[in-house]
Amino acid sequence: MKILFVCTGNTCRSAMAEGLLKDLAEKNSFHIEVKSAGVFAFDGDEASENAVIALGEMDIDIKGHRSQSVSKELVEEADLILTMSKSHKENLIINYPQIRDKIFLLNEYAFNEDKDIGDPFGRDLGNYEVTRDEILKALKNIKWE
């Protein structure tokens, strides 16, 4: 199964989600491929410092992460696309209506809740930790295999 996480710049939420799910997959022998992208990302940006620190606290290293923009290739190859907010989901549906059936808000897919994952961009480490924990809670609630 190929999973694509999508947020705005692919330096905070989706980068953390990618790192968290890769870690869960490795620890639980899930057979999944995980990528992330941003609807307004600049290709090649590093993960934000606080995202790196927040995951580092869990011994997950995302220092090598580089952002990438959402592309037709990425969305078409994914089996499941999980967005961090309703606006990301709407953006993808408008731009790629042919794949609307595989696009879900992360909390919608995990809990059947129409609730965004808050954006910690530009905020302090505590906000990144809260976001990390929200994402992890959702990921742990999904049956991956």
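Which cysteine sulfur is closest to the sulfur of C12, and is the pair within reach or too far for a bond? Keep that in mind for the last stop.

**Before you start.** This is a predicted model, in which local features need pLDDT of at least 70, side-chain atom pairs count only at pLDDT 80 or more, and totals for chains, interfaces and linings use all residues. Residues are numbered from 1 along each chain as its sequence is written, and side-chain values use heavy atoms, with hydrogens and water left out.

**Stop 1: the sheet.** Show the strands. Four of them make an open sheet, ordered β2-β1-β3-β4, with parallel pairing. The edges belong to β2 (33-38) and β4 (103-105); each has a single partner strand, so one side of each lacks a neighbour in the sheet. From one strand to the next, the twist averages 25 degrees. Strands (E, at least two residues) and helices (H or I, at least four) are DSSP runs, numbered from the N terminus. Two strands pair if DSSP finds at least two bridges between them.

**Stop 2: β1 and β2.** Select residues 2-7, which are strand β1. Six bridges tie β1 to β2, and the two run parallel. Pick I3: its bridge partner in β2 is V34. Now follow the chain from β1 through helix α1 (residues 13-28) to β2. This β-α-β crossover is right-handed: with the strands pointing away from the viewer, the path from the first strand over the helix to the second runs clockwise.

**Stop 3: H88.** Select helix α4 (residues 86-95) and find H88 in it. H88 is buried, at 2% relative accessibility. Buried means under 20% relative accessible area, exposed over 50%, partly exposed in between (1.4 Å probe, protein chains only). Beyond neighbours within four places in sequence, H88 contacts V6, C7, T8, R13, V39 and T83. Contact means heavy atoms within 4.5 Å.

**Stop 4: the cysteines.** From H88, step to its contact C7. C7 is buried at 3% relative accessibility, and C12 is buried at 4%. The sulfur closest to that of C12 is in C7, 6.8 Å away, too far for a bond. The whole structure holds zero disulfides; a disulfide is a pair of cysteine sulfur atoms within 2.5 Å.

Note on methods:
Axes are lines fitted to C-alpha atoms, for helices over the stretch in contact, and angles run from 0 to 180 degrees between N-to-C directions.
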